[in-house]
Amino acid sequence: MDTIDKRLLNEFQHDFPLTPRPYAVIAERLGVDERTVVAAYDALIDGDFISRIGAVVRTGAVGASTLAAMAVPPRRLESVAAFVSAFDEVNHNYQRDHAYNLWFVITAPSRARLERVIAAIENETQLAILDLPMIEDYHLDLGFDLKWT
């Protein structure tokens with residue numbers, strides 16, 4: 001990983017330029033050309049250093065979302081997690097050491113669509129989903145000050 005990669009990962013977690021050509025703005029700040037920035041981000045995505053580049057919209061401001069959990073038999077955990085992750089509405093899932101061992105967030109344009117996703121997952125897996133819609137929001141800064149050794 002070179003200096004440009006490290007700077008892209010650390011310096012643009014916040015205040016990503018909201019312009020028609022954000023990579024050009026980033027390139028100017030880094031003293032490189034736009035193609036270099038795009039290529040570096042592509043390589044970081046291909047290398048699984050970045051899962052996505054995109055806006056984060058405040059929960060509830062647009063559409064509907066919920067935190068969901070399932071109690072999945074351990075022998076089925078990987079296949080159920082893969083099935084859940086295949087839905088565009090599921091933006092991540094993770095395993096927890098708990099009776100409810102698979103957790104994920106579902107985001108959809110409407111509550112009706114969200115409920116159809118839940119029904120589809122429950123129908124296919126024959127496992128119930130614990131639906132935990134947000135009651136009160138708390139803002140967590142998900143940026144990380146990366147330290148390089």
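Good morning. Between the centres of domain 1 and domain 2, taken over C-alpha atoms, there are 33 Å. Domain 1 covers residues 3-47 and domain 2 covers residues 64-133, with bounds that come from an automatic or database domain assignment.

Before going further, some remarks on the basis of these values. The model is predicted, so local features need pLDDT of at least 70 and side-chain atom pairs count only at pLDDT 80 or more, while totals for chains, interfaces and linings use all residues. Residues are numbered from 1 along each chain as its sequence is written, and side-chain values use heavy atoms, with hydrogens and water left out.

I turn to the annotation. In an unreviewed entry, UniProt places the feature "domain: Siroheme decarboxylase NirL-like HTH" at residues 5-46.

The chain over residues 5-46 is 69% helix and 0% strand, with its end C-alpha atoms 13 Å apart. Over residues 64-138 there is 32% helix and 32% strand, and the end C-alpha atoms are 16 Å apart. Helices (H or I, at least four residues) and strands (E, at least two) are DSSP runs, numbered from the N terminus.

Now to strand S3, residues 102-108. Which strands pair with S3? Strand S1 (residues 64-70) runs antiparallel to S3 and is joined to it by 7 bridges; here, Leu 67 stands opposite Val 105. Strand S2 (residues 90-95) also pairs with S3 in the antiparallel sense, over 5 bridges, and Asn 93 has Phe 104 as its bridge partner. Pairing requires that DSSP finds at least two bridges between two strands. A hairpin of 6 residues joins S2 to S3.

Is S3 largely enclosed or open? Of its 7 residues, 6 are buried, so strand S3 is largely enclosed by the rest of the structure. Buried means under 20% relative accessible area, exposed over 50%, and partly exposed in between, with a 1.4 Å probe and protein chains only.

Finally, consider Phe 144, in the segment after strand S4 (129-132). Phe 144 counts as exposed because its relative accessibility is 56%. Phe 144 touches Asn 10 and Gln 13 (contact means heavy atoms within 4.5 Å), not counting residues up to four places away in sequence. The C-alpha atoms of Phe 144 and Glu 11 are separated by 9.8 Å, although these residues are 133 residues apart along the chain. Thank you.

How values were computed: UniProt positions renumbered as here; feature names shortened; annotations may be inferred.
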